[in-house]
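The stops below give selections in order, with a note on what is found at each.

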Amino acid sequence: MYQLIDPILVAVLLLNFAALGASQLRTVIHAIALQGVLLGVLVVVAHNEFTIWAVLMACAAITLKGIFIPRLLFHAIREVSIRREVEPIIGFIASLLLGGLGTALAVLFSNTLPIAQEHVGSLIVPAALSTTLTGFLILTTRVKAITQVVGYLVLENGIFIFGMLLVEAMPFLVEIGVLLDLFVAIFVMGIIINRISREFSTVSTRNLSSLKE
Amino acid sequence: MTQLLVITAIVLHAISGVPGLLFKRSADAGQKLSVALSTFGTVVGITGSIASLWFSTPKTSIIAIDGLSVIFLLPIFLISTLGSIYGLSYWKQADHPDNGQKLRLFYGLVTAALAAVTIAANAIVFLVAWEIMALSAYFLITTEDKDTAVRESGWVYLIATHLATLCLFGLFALLHSATGSFQLSPLTAGAVAPGVFTAMFLLALIGFGLKAGLMPLHMWLPGAHAMAPSHVSALMSGVLIKIGIYGFLRLCSLLPEPPLWWGGVILAVGVTSGVLGVVFALGQHDLKRLLAYHSIENIGIITIGIGLAMVGRTLERTDFVLLGMAGALLHVWNHGLFKSLLFLSAGAVIHATHTREIDQLGGLAKSMPRTALYFAVGAAAICGLPPLNGFVSEFLIYLGLFHSLNSGSGMTWTAAAFAIPALAMIGALAVTCFVKAFGAVFLGVARSEHARHAHEAKSMMTGPMLALVGFCLAIGLTPLLVAPVLEHGIRAWEPAAFDSGQKLTMLAPLGWLTIAGAALIVLITLGSFVLARRLRRCGVNPGVTWDCGYAAPASTMQYTSSSFAQMIVALFSWVLRPRVETPAEQPVFANAAHFHSHVSDIVLDGVLRPSFRFGAKITSSFRFLQAGNIHAYLFYIVLFLICLLLWR
Amino acid sequence: MLISQIIVHVVLLLVMPPLLLGVIGKTKALFGGRVGPPLFQAFFDLIKLFQKGSVISSTTTWVFRAGPVVGLATAILAGLFIPFGGHASPVSFSGDLILFAYLFALGRFFTASAALDTGSAFEGMGAAREVTFSCLAEPALFFGFLVLAKLSGSLSLTAMLDGPMPNSWGAAGASLVLVAASLFIVLLVENSRIPFDDPNTHLELTMIHEVMVLDHSGPALGMILYGAAMKLFVMCALLLRIVAPFDSGNIWVDWGIFAVGMLALAMVIGVVESIMARFKLTFVPTFLVAACLLSAFGIILLLR
Amino acid sequence: MVWLLVLIPLLLAVAAVLIPSGRLRPWLVPFGGLIQVVLVVFAISSENVSGFQGWLLLDPLGKLVLLFISVLFFICSLYVPGYLSLRAERPTRLFCACLLSMLGMMTLMTLSHHLGLMWVAMEATTLASAPLLLFNSSTRSLEATWKYLLIGSVGIALALLGSFFLAYASLYEGLESTLQFDDLIKLAPHLSKPWLHAAFVLLLVGYGTKMGLAPMHTWKPDAYGEAPGLVGALLAGGVTSCAFLAILRFYSLCVASGEAAFAREIFIFSGILSMVVAAVFMIRQRDFKRMLAYSSVEHMGILVLGIGVGGLATYGALLHLLTNGLTKGVLFLSAGNIHRAFGSKLTDDVRGAIRRVPMSGALFLAGFLAITGSPPFGPFISEFTILNGAIGSGKFVVAALFLLLLAIVFVGMGSTVLRVTQGTPSTPATATDFRESPRFVIPILLFLGMSLLLGLYIPPQLESLLKNAALFVENGV
């Protein structure tokens, strides 16, 4: 089952590009939801055996990343009638190129890090790093608050992937705690987006720059 | 026991302003109580300080009183109390309900802290006392903080004093690294690299020099002295800036084997301060600013003495050390006495006329005869004229410098060769400046309504001045009496100074000064007697001043202080950079014309303000980094992360 | 030191100064082809002034009267520190040269203040000039003292000027020439002689010293004149000892040499006054700076 | 028993939500604060406080920070009832509950010896403080909260990645992969260096974001500027201390693994950088609350600089943690009072605060003097100790830079503070009828008093606490 990890990770990477290149908000959220589901699967695969905790964890991850958060985001879009376009600061092509560059860098950097015997050749580290970078790219180049939440989510996904290396190290309690925190964070962000849209009647962060020097 | 007395005095001074807070803002009772506390504290403190000269007490790790401390303790207590008595009438609580309480609170604190600095035996106590002193002084300067100019001056002071404190941080940290403790105890040569000693010396020179107001670190001094209430100016100029000298002396005494160039640097700084201080004073037409620049000058003179003593330490010439230090220490006292006297009398003038502009005054000797007399004594003393105290200390420094002529070392006597004429020039310039100040303020005819309606100061104000006059005369006429105390101070600074068996009284003919002074007084009395007799015998006709036949001399025809100083200002225009408004070419029938020259401070207004403005402009240009754009913020994080990941 | 010597010193100090003024006047008259006033004219003036009534401006205070008194008193006291000829001065101690210089400063302080006390523009102008020029004259004087102290290795005027002077000419003649020149300039400036000042002009605007005393009259003016003459005398005595350090060995011959020398110096001043025109006022500082440089150069020569 | 320390504040938070009385609710906060202080004092004096198989452990460093946080919280909490009575129009339920849960989470932070748990606690602190920032419910506070939340979350995400890296560093060497701090310390000499370096950098950036080190400080001026003064004091004193505590733990890990030099270099670099950035933005700062935020950035820089210098300076930095936090309490609370009185926090509008609100104005001024290192206040001793450490260890350039930056900061901060406090009181259009009653002043006085006390005298118990903590940081045990 261990050999399933790499195909899943390739899919995750492709979804990164999808999230970067899509112009429709809806598409982006779908991509992220799919990525979340894949990560849930990854948990089981990485554990290499069907323990009850592993399944529980996978379920939690899938529910949260694949279902709950995307629903929340969709809800937000509907609720505050966000326009459907992504509104990038730099163009989609440029985003994609930067994403490619980031992935390359991630691979290069992960090559400089020594890898344990059992993980040599595995895509986990490069995938984790490049997903993290993709998250940062989305965070820094997308105007809408909601896309920034998406970026944060991608960032977290990258870290989640890295966590797969440490399945033994990470007690489930902590993992659950991490997921819970993520959830609450997104939830609070959602609330704030909601209020922002009420106050500013837009959720573009362009309006959120009155606090400055 | 003596330590206990001094500490009691410090505590009494520290709390002297507190009772005032409990009384009503319009009541004078608190003020009287505070003066009583302060007076009592001073009596106790002076007793304790003098006693500690004869009954030596063991040093503790916190406080230590030695001869050097006593030299500085005495004027601190004395002048503070005289000032607070003066304040009874000058800054009456009832007249200043808004800030009288604050003033007295910090006045007591600053006195206590000053005294505490001089007896601190370790760096931490020193720093704490130092900063309480510095901050209290800030609040004293900004007593009238509603006034923008006052706030401005206070701010400049605060920056300067904080820079000084930071220098002291560095200094004491170096001391700590050299000795492993914070005790202010002498270092041994070779304990650390020579570079560390040099760094300590330079930090001390800058840190303490900032407080003392050495040119070019004097930028805070004129404004602060001008803006503070006069008795505060007296305290600041009289003793507060001397604490910088104290600190510098104390530190120098700890550093072993000073290289010759240290002394040279100190001498050069002293000469610069002395000459430029008085030159700048000449350009002023604010009475208190003028006096403030004279403080810079006198600090310069003191520093010349210290420089000589340092050279003496290097060359192991006890005569330089004795004469230089004696001159410097005595000048610390003397300047404290006559400068407070001058500030107090200037305060009386301001109190009576409500202006500090010299060119608005004039003729006050008629309406304020006592104040005028006291000012004249102070002026003569500050110019170093015999038979007053200023002469004695300058005499000692001159003598020391002349001694360095036969030192054999070419370097040092070159130092003397430029310091002696410089000192002479300082003296002559001071005479010029004080003739100008005394003449323009007290002599001639009133130049404005302010001056015309002046009245003599109350006895609470003239009393302290009279006391100071007495001290000036006493030291000037009987310098032998103070020599033992000075020797104690020198012994604390450099114990080796007496190794060769030389004594101050052997090197300096102080007794002759008494005789000469007495002779001078006799001659003057005799002359006055003769003149008075002749005048009575031959008759005196009152008349108007003869103005080449001009029919109606007016007060505006008098020479103003600007005009008086014009030639000197022109001579020194290369450093003063005066802004002169000369009258334009006039037609045959001349219109009203106007001559005015203004000398701004070259360091503050010429260098510091522009560079601060420039710095602020540079920093403002970085504001775009924080423009409210969250994307940029996140980008900084990534960037920083990548930088650190690539660190090694 | 003999009491008799002190008495001679004091008598000379008190009596001789007005005579110098007479000699100067006579010399100038000779040059001008006139007979000129008698040699003792200054004495007559003084006596007359001390008997005249005075007009004192109502704007003045005690300072106005203190000026002449202090001016005279300081000059007399200063005269006691300076050795006349080869004789020790009555009062002499280490560092008396400092007191000597500062006594004149004290006098200046009060005469200038007295001038300001009248409230007259002219007198203010004079006072300003007087004190301003002294700012440059003082360093020059002290530069001179430095050279003398270095050469003699001592710090009292008597010891500096008395014994070693002849030897010093051999050792450092060049320096002494420079110092003498410098002191001569200082002397002319401080005593308001041509070419720096003209006591006899009728134009107040151009004067220095004389304009300060415009308002003084009667005994007060007499004191001022006397004091000024004494100052001239004392400074001449200083200069004389430097340029003519002759000792005959006999005390009384030395007094004679001194008196003759002083008269000769007065004649020199008279000659200078006769053959030179008055400089523009603005040149005075330049000359004083030059005087400083001359004696400073004297020191540099010693540095070798 | 150790879990009580965390649980009681949380239970009280729940109580705050449930309690119906709006009058009683604010008093729950000081009540909770008091209980916490008592418990903490008790816990500190006990020998061995641990629980959950070493997941929770009160080590010397934790003792110090925990004591500090509980005292800070208690004094701040005294301000709460008065403050909330002023803001009667705002709902207090969430405010009180969040305050108390923040206390619980901060306590958890100091106790946790498990990297994951620590991370959870840190993030929870962020989340609990977000509603506090939003208390004013203006568009500006909304914006501030958004930035605080997003930047904080991103930063903390990096910290999580760093924690994973650290765990991997042990896994790679064939050791048991663990996130438990004590195990990591034991394994430290064997950890993989490249992973350790990368982990350290990520953790520094991550927790540094919460701490507010430049250039991750960008949320600070916005958040502190818009938050109530009380919340500002808690954030600047409490949350930052927690983040610093985390960084210290990773530092001692570096020390244990023999990589101290690397960590110190980075500490010194980022410390100086923070001070520079703070100095640059403090000059001509027109908003006095934002100015305080930059001052906080500066002092965070000083803290890491002190650790970077090491030796004596480590002690200094730990002391500075206390002194800075207490003095920040003075500044934020008094700034809050001034803000309330004038209805503005811009120097253009606010003048003469000493005459308008005498105590708050004077305390603000005193706080400024204290925070800039004027003797005899506490920050003087701590900054001076750091300087001593720098000079004692021969880092003269660092010492010189440190002094220079302190000077610049003083000038920048002073001109703003003096403009606010001195002169004739202005009456901007926004001025309120705020009256300065004892309940708004006593907490500030307490803060100032403690700051002053630490400058003059450090109690021997605290001294030994500090010494042990410094030893712990330097040695990891």
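**First stop: a covered helix in chain C**

Select H4(C), a helix that is mostly covered, since 22 of its 22 residues are buried (a residue is buried if 20 or more other C-beta atoms, placed from the backbone, lie within 10 Å of its own, exposed if 12 or fewer, and partly exposed in between). Helices (H or I, at least four residues) and strands (E, at least two) are DSSP runs, numbered from the N terminus. The model is predicted: local features need pLDDT of at least 70 and side-chain atom pairs count only at pLDDT 80 or more, while totals for chains, interfaces and linings use all residues. Residues are numbered from 1 along each chain as its sequence is written, and chains are lettered from A and ligands numbered from 1 in the order in which they are written.

H4(C) covers residues 96-117, and its 22 residues reach 31 Å from first C-alpha to last, close to the 32 Å expected at 1.5 Å a residue (the expected span is 1.5 Å times one less than the number of residues). Step just past H4(C) to C:Gly119, which takes a positive phi of about 75 degrees.

**Second stop: chains B and C**

Show chains B and C together; of the four pairs of chains in contact, they share the most contacts (two residues are in contact if their C-beta atoms, placed from the backbone, lie within 7 Å). Chain B contributes 62 residues and chain C 70 residues. On the side of chain B, the largest share, 14 residues, comes from H18(B). By class, that side has 44 nonpolar, 15 polar and three charged residues (Ala, Val, Leu, Ile, Met, Phe, Trp, Tyr, Cys and Pro count as nonpolar, Asp, Glu, Lys and Arg as charged, and the others, Gly among them, as polar).

Next, select S1(B) and S1(C), residues 54-57 of chain C: the two strands run parallel and are joined by four bridges (strands pair if DSSP finds at least two bridges between them). Within this pairing, B:Asn541 stands opposite C:Val55.

Now bring in chain A, where twelve residues are in contact with ten residues of chain B. The chain B side divides into five nonpolar, four polar and one charged.

Select H5(A), residues 124-141, and H27(B), residues 630-645, which pack at an angle of about 150 degrees with axes 8 Å apart (axes are lines fitted to C-alpha atoms, for helices over the stretch in contact, and angles run from 0 to 180 degrees between N-to-C directions). The two helices are therefore roughly antiparallel (the term for angles over 145 degrees). Display A:Phe136, A:Leu139, A:Thr140 and A:Thr141 against B:His631, B:Leu634, B:Phe635 and B:Val638, which make the contact.

Select B:His176 in H7(B), residues 148-179. B:His176 is buried, with 22 other C-beta atoms within 10 Å. Leaving aside residues up to four places away in sequence, B:His176 touches B:Ser181, B:Phe182, D:Asn388 and D:Gly392. The C-alpha atom of B:Ala123, 53 residues away along the chain, is separated from that of B:His176 by 8.8 Å.

Technical notes. Angles under 35 degrees count as roughly parallel, over 145 as roughly antiparallel, 65 to 115 as roughly perpendicular and the rest as oblique.
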